[in-house]
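Please read the following with the sequence and the model open side by side. The text begins at the ligand and then turns to the domains.

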Amino acid sequence: MNLPGSPFLARDGDRLCLDGIDLATLGQRFGTPLYVYSQAAMLDALARYRHALAGRKHLICYAMKANSNLAVLQTFAAAGCGFDIVSGGELARVLAAGGRADRIVFSGVGKTAAEMEQALLAGVRCFNVESVSELRRLSGVAASIGRVAPVSLRVNPDVDAGTHPYISTGLRDNKFGIAHEQALDAYRLAASLPGLRVIGIDCHIGSQITQTAPYLDALDKLLDLVETIGRDGITIEHVDVGGGLGITYTDEQPPRAEALVAQLLARMDARGHGHRELLLEPGRSLVGNAGVLLTEVLYLKPGATKNFCIVDAAMNDLMRPALYDAWMAIEPVQSRELQALRWDVVGPVCESGDWLGRERELAIAEGDILAVLSAGAYGMAMASNYNSRPRAAEVMITSGEAVLVREREQVTQLCAGERLLPMESAPESGD
Ligand SMILES: *Cc1c(COP(=O)(O)O)cnc(C)c1O
């Protein structure tokens, strides 16, 4: 049987294993719902980018919003990666995991003054600025604490990444970035503001992109601008093409990271920009296929028109199916001699949108454990406490050992920080 995604995921007889470790055993040992990641799979995905970048000035900034567990960040920090962050909270996580501030790029359309100050004091490598107002705000904040903020402008190249509308970010009417036509004026302003130093240019055109052409189109647009603003006397040191490379959830065939990077570098060389540093901000493609979500079958509810398989993981644990209508493979961790039926795999949350997979052929019984594959990206990172459900535990497989890297949330933690009203403000009891 073919498993989509990772070469680290394989059947060993009737058992499904990640990085050689039997997933059924992990589900029993740590309980479900449980996220399991393979560190080796993450490092393998990183190596694919690295391979093509060897000998070139570059920085890979892991877009940590895809999976911000400290052990994941620690893995990439130890491998020498930088990070793409989008909040002060993410900055604190990178530093707590041993990441270097001078390898951080700070993206996002709504940075607050407090976040700017925090990042300036930490000494981040670059602010990816998304509007003219943000340029002025950042310059003011930097000047007020006697710092100079290194900046890149996120340009909206107006290319269609050919992906889901919610994760397409490089089109004219997205909220992200500065329009290509306005970029020259914005760069002139940035160069004139006292608290800023222009160092780069960036874009990020979307996520789960499965073609190379949109990247090359976006790069061309960036290089056109580098040339235009260069004639204006503003020098760009690095070109950051963002993240967004897709992974295989079912039968997608995204370009391999090596091939994509090789084409980007060739285009830079061909246009005489080979001396500039290339920055990349991959998220999903570094971690997505390195993780699975384990969930137990609570109840089987066969029906006249539909069969429901009710599991203990829900949309609060894994939001991608509900949010993007995303298809994620679901496999029993132990095969059984049972007749396969067609099931809708759904969670306990009180929403009809709470499903993990529809119309799946599965040979299963109550008490079995299922694995939702390719769940390493935008899984746990998007988890919530909806329906007052404690968040799942996380395990990382490293050197053949399964290590608990996040405890299962306790019900008592759910109300932490909440207060009852003082007695006199509470409504009168009706009895
Ligand atoms: C989300 C994001 C990324 C990473 O996207 P992936 O699809 O996970 O690779 C990179 N850069 C920015 C600015 C982002 O917002």
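Which atom of Arg284 lies 2.8 Å from an oxygen atom of the ligand, a backbone or a side-chain atom? It is a backbone N or O atom of Arg284 that lies at this distance from the ligand oxygen. The model is a predicted one, and the distances and areas given here are computed from it.

In Tyr378, a polar side-chain atom is 2.6 Å from an oxygen atom of the ligand.

The ligand is surrounded by 14 residues, and the closest are Lys65, Ser207, Gly244, Glu281 and Tyr378. Sorted by class, this shell holds 6 polar, 5 charged and 3 nonpolar residues.

Next comes the division of the chain. Domain 1 is made of two segments, 9–38 and 288–414, while domain 2 runs over 108–280. The centres of domain 1 and domain 2, taken over C-alpha atoms, are 36 Å apart.

How many residues of domain 1 are in contact with domain 2? There are 9 on the side of domain 1, and they meet 7 residues of domain 2. About 760 Å² is buried between domain 1 and domain 2, and carbon and sulfur atoms give 60% of this area. On the side of domain 1 that touches domain 2, there are 5 nonpolar, 3 polar and 1 charged residues. Between domain 1 and domain 2, the count of salt bridges is 0.

How values were computed:
Residues are numbered from 1 along each chain as its sequence is written. This is a predicted model: local features need pLDDT of at least 70, side-chain atom pairs count only at pLDDT 80 or more; totals for chains, interfaces and linings use all residues. Side-chain values use heavy atoms; hydrogens and water are left out. A residue is near a molecule or strand if one of its heavy atoms lies within 4 Å of it. A polar contact is a pair of N or O atoms within 3.5 Å; within protein, one must be able to donate a hydrogen and the other to accept it, and residues adjacent in sequence count only if both atoms are side-chain atoms. Ala, Val, Leu, Ile, Met, Phe, Trp, Tyr, Cys and Pro count as nonpolar, Asp, Glu, Lys and Arg as charged, and the others, Gly among them, as polar. Domain bounds come from an automatic or database domain assignment. Contact means heavy atoms within 4.5 Å. Buried area is the accessible area (1.4 Å probe) that two parts lose on being put together, summed over both. A salt bridge is a side-chain nitrogen of Lys or Arg within 4 Å of a carboxyl oxygen of Asp or Glu.
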